[in-house]
Protein chains: 2
Amino acid sequence: MNIKGFQFSAVEAAIKKPGRLDLALIVSETPAAVAGVYTTNAVKAAPVLIDQERTKSDTCRAIVVNSGNANACTGPGGMDDARETTRLVADGIGVAEDEVLVCSTGVIGVPLPMDRMRKGIPPLVQGLGKGTLDGVARAIMTTDTFQKLEVRTGMAGGREYTIAGIAKGAGMIMPNMATMLAFIVTDAAVDPAWLKTIFPAGVDRSFNAITVDGDTSTNDTALIMANGAAGNPVLSAGSDGAAEFVRLLDEVLLSLAKLIVKDGEGATKFVGITVKGARTDADAKRAAMSVANSCLVKTAFFGQDANWGRIFAAVGYSGAEVDPDRTELFFDDVKMVENGVFAGRDAEARGTEVLRKKEFSVTVDLHLAAGEATVYTSDLSYDYVKINADYRT
Amino acid sequence: MNIKGFQFSAVEAAIKKPGRLDLALIVSETPAAVAGVYTTNAVKAAPVLIDQERTKSDTCRAIVVNSGNANACTGPGGMDDARETTRLVADGIGVAEDEVLVCSTGVIGVPLPMDRMRKGIPPLVQGLGKGTLDGVARAIMTTDTFQKLEVRTGMAGGREYTIAGIAKGAGMIMPNMATMLAFIVTDAAVDPAWLKTIFPAGVDRSFNAITVDGDTSTNDTALIMANGAAGNPVLSAGSDGAAEFVRLLDEVLLSLAKLIVKDGEGATKFVGITVKGARTDADAKRAAMSVANSCLVKTAFFGQDANWGRIFAAVGYSGAEVDPDRTELFFDDVKMVENGVFAGRDAEARGTEVLRKKEFSVTVDLHLAAGEATVYTSDLSYDYVKINADYRT
C-alpha cells in the first residue's frame with residue numbers, strides 16, 4: 001500500500017526482546033498538516049509533553065516511535081532523552097527538531113535506553129522508502145496479538161486520496177500500563193486549522209468511546225498527518241468533499257478503535273453498549289461508560305450470564321439522570337426490562353442466547369430525552385487477570 | 001452478648017437455599033433514636049425508598065431484614081411487598097407500621113416471595129427474646145464466607161453502654177449485585193438529631209472508604225438504633241462522653257468495613273491506600289479511590305507485582321490535582337518513587353517483599369497541601385472472576 005508523499009521505516013533496536021521490530025519512523029516528504037489528541041492523565045509521559053507543544057504548529061514532518069519503553073515517570077532526564085531522539089531524527093532527515101514528533105510505549109519508570117536509540121536511528125533513517133506502514137504497525141505492538149491497520153480511499157476535486165491508520169492496543173500494556181497509540185496518515189490536502197477541529201471530534205467518537213479496563217495511560221496519543229500529495233483542493237470546513245473526508249476519517253478511527261477492543265487483554269467478547277433517551281449526549285456517554293467499566297457487568301459477559309440487574313445498577317450509579325420506572329434494557333433485540341421491571345423468564349432464556357455470541361449489543365433506553373451514545377468494551381476474563389497479574393512472576 | 005432493651009430473632013423462611021437463616025428481626029423494647037445512610041445509586045430498591053422516609057423521624061422500633069431477594073427493580077409491586085412486610089411485623093409486635101424499617105439483599109428483579117414472608121413472620125416474631133445478634137448476622141449473609149460482628153463498650157455518666165454492629169459483604173452479591181447492609185444497635189441514650197449527624201460522618205470514614213469492585217448497589221443501607229436502656233444521660237453534641245461515643249462508634253463501623261473487604265469476593269490481599277499531601281481531603285479520597293478501583297492495580301496486587309507505575313497512573317487520572325515531579329510512593333515503608341522518579345532496583349526488590357504479605361499499605365504523598373484520606377480494598381483474583389462469571393452456569 002502506498003500513501004503518496006510518505007515514507008516509512010522500522011528496525012530492531014533491541015529495546016524489546018530480540019527478533020522484534022521496536023523503532024519506527026513515519027516521514028512526510030513535505031510539511032504535513034498535523035493534529036494530535038493526548039491522554040487526559042495528569043501524569044503524562046515525556047513524549048506526550050513534547051508533542052503537545054509541537055502539534056500547536058500547523059505542520060510537522062515526522063513521527064519517531066519506539067515500543068518496549070514508555071519514557072514515562074522518568075523526570076527531567078526523560079524529557080532530555082525524548083528531545084535528543086527527535087534531534088537525531090531531524091538531523092538524519094534534514095528538518096528542524098521541532099518538526100519531529102516522538103511517541104513511546106512500554107515499560108514505565110525506566111530510562112529510555114539512549115545508547116540503543118542512538119545506534120538504532122541511523123539505520124532507521126537509511127531504511128526510509130524501503131519500509132511500509134505495516135512494518136510500523138508491527139513495530140509499535142506490545143501485548144497486541146495482531147497488527148491493526150485500516151485504509152480508506154476517497155475523492156476530492158477529482159483527485160483520489162488515501163487515509164491510512166495504524167494503532168496499538170489498549171488494555172494496559174505489560175508490565176506497567178496501556179499505551180494507546182494511533183497514527184493516521186493521508187495524502188489529502190487538508191486545512192491545518194480544520195484538521196485540528198475534526199480530528200479530536202473523531203477521536204472522541206472512536207478511541208474515547210472504547211474501554212478495556214477503564215485505566216487511562218500516561219502515554220495515550222493519536223496523531224494525524226495530512227501532506228496534500230494527492231493534489232486535491234485543500235479540504236476545509238464546508239468545502240467540497242469535506243463531509244466525505246470526515247466520514248472516511250471517522251471510519252478509519254472507529255475501525256481501529258474496535259480492533260483495539262477485540263484485541264483487549266483476555267477478551268472473549270466484543271460488546272457495544274448504547275444508551276439512548278438520556279437527558280443529554282454527555283449523560284448517555286457517562287451511563288454507557290459506567291456499564292462498560294463495571295467489573296461485575298464484564299464478568300457476567302465472560303460468564304454469558306444475562307445479568308441485566310448489574311447493568312441497571314451501573315447505569316444507576318453513573319451520575320446520569322435516570323428514572324428507573326421508565327427504563328428499558330435490551331440484549332440485541334431481546335427486551336429484558338420494561339418500565340424498570342424484569343420482562344420474565346422467557347426473556348431471560350432468549351437473552352442468555354444473545355450472550356453466548358462473540359459479539360452482541362446492550363441497549364438501555366432511559367426514555368427521558370434524545371441523548372444517545374455508544375461505547376465498545378470487552379469482557380473481564382481469567383486471562384485478563386492472568387496477563388496483568390503474572391507478567392513478572 | 002446482651003444489648004439492653006433489644007431483642008433479636010432469625011428464622012428459615014425458604015427464601016435462600018434450605019438450611020440457611022434468611023429472615024431476621026431486631027426490636028427495641030422502647031422507641032430508639034434512629035439514623036440511616038443509603039446507597040447513592042439512582043436505582044434504589046423498594047426497602048431503601050421506604051427506610052429513607054421513615055428514618056426522617058426521631059425514633060423507630062424495629063428492623064426486619066431478609067436475604068435471598070433484594071426486592072430491587074420490582075416496580076410498584078415491590079413497594080407494596082415491602083410495606084406489607086413491615087405491616088405484618090408491626091402488627092406482630094404491636095407498634096405502628098412506620099416504626100418498622102425493612103431491608104432486603106439478594107437476587108434483583110424477582111418479586112419478593114410474599115407467601116414465604118407471610119409464613120415466616122409469625123415464627124420470627126415468636127422467636128424474639130430467644131434469638132441473638134449473631135443469629136441476625138448469619139441470616140443476612142449471602143456470598144459472605146463468615147459473619148461480621150463487632151462490639152465495643154463505653155462509659156457515659158457512670159453508666160456502661162454497649163455498641164454492637166453487624167454487617168454483610170460488599171463485592172456484589174450473587175447473582176446480581178452487592179448489597180452492603182450494616183445494623184448498629186446501642187443501649188446508649190443518644191440525642192436523635194446528633195445521631196443523624198455523627199452516623200453519616202462515621203459511615204463516610206468506614207463503609208464509604210472501602211471498595212471491592214467499585215460497583216454501588218441498589219440496596220446499600222446502614223442503620224443505627226440507640227434505645228437509651230443503659231440509663232446514661234443523653235449523649236449529644238459536646239456533652240460528657242460524646243467524643244468517646246463517636247470514637248467507639250467509628251471503631252465498630254471501621255472494623256466492620258474492614259471485615260467486608262477481607263471477605264471480598266475472591267480476595268487474597270487486604271490493602272490500605274493512603275493519599276496524603278493532597279490539595280484537599282476530597283482530592284485525597286478521589287485519588288485513593290481511583291487507585292483502589294483500578295483493575296490493573298488490583299491484578300498487580302494479586303500477582304504480588306510491585307507495579308508502582310499503575311498506581312501512579314491511577315492517581316494521575318483520578319481528577320485530583322497532581323504534580324508528578326513532587327510525588328512520592330511507598331509500599332509499607334519502602335519508598336518506590338521519589339520526586340516522580342523510580343527509586344531503583346533495590347527498592348523494587350524490597351517492595352516486592354511487601355506485596356507478598358497478606359496485608360500491606362500503599363501511601364502516595366502528593367506534597368501539595370495537607371489533604372489526606374485512607375481507603376481499603378482487596379485484590380482482583382481469578383476467584384473474583386469465577387464467583388461473578390460462573391454463578392448461574
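Helix H3 of chain B (residues 114-126) has 13 residues and spans 19 Å from its first C-alpha to its last, close to the 18 Å expected at 1.5 Å a residue, where the expected span is 1.5 Å times one less than the number of residues. Helices (H or I, at least four residues) and strands (E, at least two) are DSSP runs, numbered from the N terminus. The model is a predicted one, in which local features need pLDDT of at least 70 and side-chain atom pairs count only at pLDDT 80 or more, while totals for chains, interfaces and linings use all residues. Residues are numbered from 1 along each chain as its sequence is written, chains are lettered from A and ligands numbered from 1 in the order in which they are written, and side-chain values use heavy atoms, with hydrogens and water left out.

H3(B) bends by about 30° at B:Gly120, with a proline, B:Pro122, following within four residues; the bend at a residue is the angle between axes fitted to the seven residues ending there and the seven starting there. B:Gly120 is also among the buried residues of this helix, together with B:Met114, B:Met117, B:Ile121, B:Leu124 and B:Val125, buried meaning under 20% relative accessible area, exposed over 50%, and partly exposed in between (1.4 Å probe, protein chains only). The buried residues of H3(B) pack against strands E1 (6-11), E2 (23-38) and E3 (59-69) and against helix H2 (75-93) of chain B.

In chain A, helix H3 (residues 114-126) contains A:Leu124, which counts as buried because its relative accessibility is 0%. Leaving aside neighbours within four places in sequence, A:Leu124 is in contact (heavy atoms within 4.5 Å) with A:Ser9, A:Ala10, A:Val11, A:Leu23, A:Ala24, A:Leu25 and A:Val64.

Strand E15 of chain B (residues 371-378) is largely enclosed by the rest of the structure, because six of its eight residues are buried. Strands pair if DSSP finds at least two bridges between them, and E15(B) has a parallel partner in strand E8 (residues 210-211) of chain B, joined to it by two bridges, with B:Ile210 standing opposite B:Tyr376. Strand E10 (residues 270-278) of chain B pairs with E15(B) in the antiparallel sense over seven bridges, and here B:Val275 stands opposite B:Ala373.

Side chains of opposite charge can pair when their charged atoms come close. Counting as a salt bridge any side-chain nitrogen of Lys or Arg within 4 Å of a carboxyl oxygen of Asp or Glu, the total over all chains is 38. B:Glu53 and B:Lys56 form one such bridge, their closest N and O atoms being 2.8 Å apart; B:Glu53 is partly exposed, at 49% relative accessible area, whereas B:Lys56 is exposed, at 58%. The salt bridge of B:Lys148 with B:Asp144 likewise has its closest N and O atoms 2.8 Å apart, but both of these residues are buried.

B:Glu359 forms a salt bridge with B:Lys262, with 3.4 Å between the closest N and O atoms. This pair links distant parts of the chain, 97 residues apart, since B:Glu359 lies in strand E14 (residues 359-365) and B:Lys262 in helix H6 (residues 242-262) of chain B. B:Glu359 is partly exposed, with a relative accessibility of 42%, and B:Lys262 is partly exposed at 38%. In chain A, salt bridges that share partners join A:Glu150, A:Arg152, A:Arg247 and A:Glu251 into one network.
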